[in-house]
Amino acid sequence: MKCERCGKEYPSRYYFKTKTICRECFPKLSETEKERAMQPPPMHGLTTTAFTIDGYRIVESFGVVRGIIVRSRSIFGTIGASLQTIFGGNITLFSELCEQTREEAFEMMVSHAEERGANAVIGVRYDATEIMQGVTEVLCYGTAVLVEATSTKKR
Ligand SMILES: [Zn+2]
């Protein structure tokens, strides 16, 4: 990967602010050049459960990326033996920790996507499986893609 402006060689698209301009060069561009280079927003803004992204078109697909976090129940706070009694009652703490675990799985998936040179993940899904008693696997997966903005004036 070579930057169009400075000619520097980079290992992946991750270092690029746009398809051809590196992160270092981008701030030096004029407003019109920036407009023209119109890059997709940062990764987190470009993850979706849908298979298309409004205002962008998919230029390349890198296949399925996933993030897996395995948690034992003991990590889920101080719930321990009282878990069963809490169940059905106040499960806020439990759901918060699930949420945190999902977030970690999500982050892992995103970094795998970035490693492949993707700037978006589509069709994002979550899955949680109890692989053995007290051990839960949280899986987050999606399709890593490279997108580029279609006409900005369209919307
Ligand atoms: Zn550059």
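This is a predicted model: local features need pLDDT of at least 70, side-chain atom pairs count only at pLDDT 80 or more; totals for chains, interfaces and linings use all residues.

What follows is a walk from one residue out to the chain around it.

Colleague: Let's take Ala105. Which residues is Ala105 in contact with, leaving aside its neighbours within four places in sequence? And why does Ala105 count as buried?

Modeller: Ala105 belongs to helix H3, which covers residues 92-115. Ala105 counts as buried because it has 24 C-beta neighbours inside 10 Å, and the cut-off for that label is 20 or more. Once you leave aside neighbours within four places in sequence, its contacts fall into two stretches of numbering: Gly67, Ile68 and Ile69, then Val138, Leu139 and Cys140.

Take Cys140 from that list. Along the sequence, 35 residues separate Ala105 from Cys140, yet their C-alpha atoms are 5.6 Å apart. Cys140 is also the bridge partner, in E3, of Gly67, and both of these residues are contacts of Ala105.

Three strands make up an open sheet, ordered E1-E3-E2, with antiparallel pairing. Strand E1 (56-72) and E2 are the edge strands, each pairing on one side only. From one strand to the next, the twist averages 10°.

The largest nonpolar core has 16 residues, and Val65, Met109, Ala113, Ala118, Ala120, Val121 and Ala144 have the most contacts inside it. H3, strand E2 (120-132) and strand E3 (135-149) are the elements that give two or more residues to this core. As a rule, nonpolar side chains in soluble globular proteins tend to be buried together.

As for the whole chain, you have three helices and three strands, running α-β-α-α-β-β from the N terminus on. Among contacts with a separation of 6 or more, 63% join residues 24 or more positions apart; the pair Ala105 and Cys140, at 35 residues apart, has that kind of spacing. Finally, 17% of the 155 residues count as buried, and Ala105 is one that does.

Notes. Residues are numbered from 1 along each chain as its sequence is written. Helices (H or I, at least four residues) and strands (E, at least two) are DSSP runs, numbered from the N terminus. A residue is buried if 20 or more other C-beta atoms lie within 10 Å of its own, exposed if 12 or fewer, and partly exposed in between; C-beta atoms are placed from the backbone. Two residues are in contact if their C-beta atoms, placed from the backbone, lie within 7 Å. A nonpolar core is a set of buried Ala, Val, Leu, Ile, Met, Phe, Trp, Tyr and Cys residues joined through C-beta atoms within 7 Å. Two strands pair if DSSP finds at least two bridges between them. Axes are lines fitted to C-alpha atoms, for helices over the stretch in contact, and angles run from 0 to 180 degrees between N-to-C directions.
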